[in-house]
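Work through the exercises below with the model open. Each task is followed by its solution.

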Amino acid sequence: MAGPTSTAGRAQWSSKAAFILAATGSAVGLGNLWRFPTEAGNNGGGAFVMLYVLCVVLIALPLLLAESLIGRHGQKSTIGSAVQLARQSRASPAWSLMAVIGLIANTAILTFYCVVAGWVVYFIGVSGADLVGAASAGEPLRGAFAERSTDQIREIMPTLFADPALLVGLQLAFVATTVWIVARGVKGGIEKAATWLMPAFFLLLIGITVYAALTGDFAAAATFLFTPDFERALNPAVLSSALGQAFFSLSLGGGAMIAYGAYASRDTNLGQTSGVIAFADTGVAIIAGLAIFPIVFSVGLSPDAGPTLMFQTLPAAFHVMPGGALVGLAFFVLAFFAALTSSVSLLEISVGWITEKFGASRVMASVGVGVLVFLVGLLSALSFNLLADQRPIPFVPGFENANWFDAIDGVTGRLLLPLSGLITAVFIGWVADRKLVDAETGLSGAGLAAWRFLIAWLCPLAVTAILVLGLFPQIL
Ligand code: PHE
């Protein structure tokens, strides 16, 4: 990968690296660290992981190429780029519906994403205080939370959940940080964060995984994650969760990858970059799973503990790890940046469109959407305390018992993102100008034929089937 060349004192990336960095920064985030282990744990492990990998390779990867080429071709906002490709293909601009759905879904995702990122911020505070305590005791390299028992460490999350004002404050802090970066313009800041912090994060995560593997119950974790369970794989809920996770984790569904595709220069081979991004993202998710599940089994937590899983397991590992106080703080700081490079891409989708369409300034648009995201996000932040008993969509199959947080997460991930992807697959596979599209892919020969088959046939059919099964599970 090319390094930054300095022109007039400002680091400039070759545009080839810019797209990979920004897109990988968008893809790798809480989806890998927090959502993947949660979903894998909720859906029985092996069956889910097997389906997830299949969904990434056969559905998400072809769509990643489709979305990034729409952006690179259009060089506009997500909706603007989709309209442009439709027009140039003499098709109805209504095909940009996929980007409209994407904009709504991604903005809705941002509402709860900032809540979870707020939990990360909390752990930065708790770990930071712990490290200061360790250092002032003259033992900066001791394990984390030396003065707490394992049970007390697991209680950190429930204690946080019992404090709505603190939860909302943390959420607000993260929304504000995201708004601040997007208001200043995404490109420079994100590239910098992605260039240095992401590799650092990756190395640290591998280190933690090795430690977890050596000290936790690695055999139980590997069995849980990698034993295929074909019977369970046919369960519609597991199928639709796996598909939703593939979309969520790769930032697909008519949003970020179109927006960031516009960063890709003409000489970027989008077929190749799509492969690199999907591989890196999936790798980080599996490694995160291998860091978390050995601890789940060794501390006796249930794999289906839900959204707090990551926050109840990793601190327990930092507790016994030599230097854990330091490693714990480093982990949460880097996780914060991983979340930020994703949240910025989520906000950029609507901000890019509003500035383009209405000529609003970036600052106005970012702050405006930020306020909305914060207010709607209150529903998710308060789902763990004040609003815990509310069931907003009991009439949707599979969501009878979902609180606001689960409802917004589930409806966006399992329904809206795949729906947008379905429209994209039909649009790119059947409607858009074939020559123009093929030239954008950077593929040729068998690779192009395979992609064509996947995008035109497999994606639409498989996504439709999974969507229908998810909504009407009684069919099976
Ligand atoms: N992919 C990001 C993550 O894994 C989340 C995201 C979803 C970002 C959709 C942009 C669009 O954390």
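The bend at a residue is the angle between two fitted axes, one through the seven residues ending there and one through the seven starting there. Helices are DSSP runs of H or I with at least four residues, strands are runs of E with at least two, and both are numbered from the N terminus. The model is predicted: local features need pLDDT of at least 70 and side-chain atom pairs pLDDT 80 or more, while totals for chains, interfaces and linings use all residues. Residue numbers start from 1 along each chain as its sequence is written.

**Exercise 1.** Where in helix 20 does a kink lie?

Solution. Go to leucine 458, where helix 20 has a kink of about 40°.

**Exercise 2.** What should helix 20 span at 1.5 Å a residue?

Solution. Take the 27 residues, 445–471.

**Exercise 3.** Which helices do the buried residues of helix 20 pack against?

Solution. First list the buried residues (20 or more other C-beta atoms within 10 Å of their own, C-beta placed from the backbone). Among them are Trp451, Cys459, Pro460 and Gly470. Then follow their contacts (C-beta atoms within 7 Å). They pack against helix 3 (46–74), helix 12, helix 18 (404–431) and helix 19 (434–441).

**Exercise 4.** How many helices and strands does the protein chain have?

Solution. The count comes to 20 helices and two strands. Of the 476 residues, 56% are buried.

Note on methods:
Expected span 1.5 Å × (residues − 1). Buried ≥ 20, exposed ≤ 12 C-beta atoms within 10 Å, placed from the backbone. Contact = placed C-beta atoms within 7 Å.
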